[in-house]
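Trainee: I'm new to this one. Could you show me how to read a few of its features?

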Amino acid sequence: MKIQKTHMLTQYLIKLFARFSIFVAVLVTYIVNKQFLYKVMTMKFTQLGVTPIHLLWAVFMGLMLIHLFPGKRILTMALRKRKKENFRAVADYEELELLHFVQKQNIRAWLVLLVWLIFNGVFGLLYVFHLIDNADLLMLTVFYFLCDYICILFFCPFQTFIMKNKCCVNCRIYDWGHFMMFTPMLFIRNFFSWSLFFTSLIVLIHWEIIYAKYPERFWSGSNQNLQCANCKDKTCQLKQKIQKTN
């Protein structure tokens, strides 16, 4: 299978490298000077002056604001399907089929949410019992930040084992990524952490409201733009190649 170079696939690979670089930088700091990370995650945000953590917060917050207020930015088809202008109705699609699709996907989405909350609840308990600290939760968040793109490009356990969607463009929970990414931040009580978590919650709620109001935009059986023949992103190519190799 020959990889077709698309603008979006190239952008994702560049962003993956950027996220990997951020992950490595935080990991090195975590190993060499964990006390610094603990300090900046414990002190009040206004007491620190400008630190790399402020820059990291700005990156995280900026990414979420782009999802909420995309403007004219070029976004993946997975996000553009939220907009009315990106809906091309399939002729005579069955409303009943759409209803069955939505019900099935909602059940699977709830299962993903349950699994994710239980999984991260373990880290919450470890934090409550002081077996891990703020620096550990920050490291976990940055790891999730990297894994978000690994899931898109290479392998996603939620897609494979629970959601069963054929690609990220058709993913029911595509814009849950930031909520998942910043779940560990809920346990740390300061501006840095809670501003990220609650903004990510707004991103998730925004996505869910649009999905509930306009489900026809999210199904390839009703939206022609979500069908493989009309996909311009082709971000699934690496994932498909890996699956065929295995």
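Trainee: Is D92 buried or exposed?

Mentor: Buried means under 20% relative accessible area, exposed over 50%, and partly exposed in between (1.4 Å probe, protein chains only). D92 has 75% relative accessibility, so D92 counts as exposed. Keep in mind that this is a predicted model, where local features need pLDDT of at least 70, side-chain atom pairs count only at pLDDT 80 or more, and totals for chains, interfaces and linings use all residues. Residues are numbered from 1 along each chain as its sequence is written, and side-chain values use heavy atoms, leaving out hydrogens and water.

Trainee: Where does D92 lie?

Mentor: Look at the loop between helix 4 (77-80) and helix 5 (95-128). Helices here are DSSP runs (H or I, at least four residues), numbered from the N terminus. D92 also has a positive phi of about 55°, although it is not a glycine.

Trainee: Which other residue has a positive phi of about 55° although it is not a glycine?

Mentor: That's K234, placed in the loop between helix 9 (191-213) and helix 10. K234 counts as partly exposed because its relative accessibility is 22%.

Trainee: What about Q237, buried or exposed?

Mentor: Q237 is buried, with a relative accessible area of 5%. You'll find Q237 in helix 10 (residues 237-245), and its side chain reaches the backbone nitrogen of Q4 at 2.5 Å.

Trainee: And V28, in which helix is it found?

Mentor: V28 is in helix 1 (residues 7-32). At 45% relative accessibility, V28 counts as partly exposed.

How values were computed:
Helix = DSSP H or I, 4+ residues; strand = E, 2+ residues; numbered from the N terminus. Polar contact = N/O pair within 3.5 Å; in protein donor to acceptor, adjacent residues only side chain to side chain.
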